[in-house]
Amino acid sequence: MIGGIDRSTVEEEVKKQIDYDCLISHPDSSVAQMAEEIKDLMVDVLCGERSVVSEGKRVSEETARAAYRKITFDHVQYVMKSLVSYPDKISRIDRFLTVSLFNSVYTLTNSTMQRLIRKLNLLDVVMQMKMI
C-alpha cells in the first residue's frame, strides 16, 4: 500500500484497462515484454511512484493520473508502434515511454483521423481514376 493506494489493485485495474492478456499473448516475446514494462510504468504513475515530464516540465500527479486512467489497448498499441518506428536512439526508454503514454491520450485520435483522411483521399483518387 502506497499513500493509501493498493498497488496490486491498481495493477489489476491497469491490466483490464489496457487488455493486458491480449497484449502479452502476442507471438513475439519482445512485444509481451514491452507490454509488461508499460503496465509497470502505468502502475508506477498511478500509484504516484513515477512522475511524468513533458516538454521539460513535470506534469502534476493529478493530471498524469487522469490521463493514465484514459489509456486503453489502442493507446498502448499506438505507443508501441511509435517506439518501433522512432528513428533516433532513446537513452532513457522509461522516460520516453512514460511521456509517450501520457501524450497518447491527446494524440491518438488526431493520428487516427489523419490516417483515415489519407485513406479517404486515396479512395477519392481511386474513384476518380475509375470514372475516367
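Predicted model: local features only at pLDDT ≥ 70, side-chain atom pairs only at ≥ 80, totals over all residues.
Residues are numbered from 1 along each chain as its sequence is written, and side-chain values use heavy atoms, with hydrogens and water left out.

Strand β1 spans residues 52-54 and includes S54; strands (E, at least two residues) and helices (H or I, at least four) are DSSP runs numbered from the N terminus. With a relative accessible area of 13%, S54 is buried (under 20%, 1.4 Å probe, protein chains only). Beyond its neighbours within four places in sequence, S54 contacts V59, V99, F102 and N103 (heavy atoms within 4.5 Å).

Helix α4 comprises residues 61-68, of which A64, R65, A67 and Y68 are buried. These buried residues line one face of the helix, because they fall within an arc of 165° seen down the axis of α4 (directions from the helix axis to the C-beta atoms).

The whole structure contains 1 cavity of 30 Å³ or more, a cavity being a set of points on a 1 Å grid over the protein atoms alone where a 1.4 Å probe fits but cannot get out. The largest cavity holds about 40 Å³, the volume being the space filled by probe spheres set on the points. Its lining (residues with an atom within 4 Å of a point) includes V45, V59, A64 and R65. Helix α4 contributes the most to this lining, with 3 residues, and β2 (57-59) supplies at least two.

Notes: Buried < 20%, exposed > 50% of the residue type's maximum accessible area, 1.4 Å probe, protein only. 1 Å grid on protein atoms, 1.4 Å probe; cavity = no way out; pocket = protein on both sides within 12 Å on 5 of 7 lines; lining within 4 Å.
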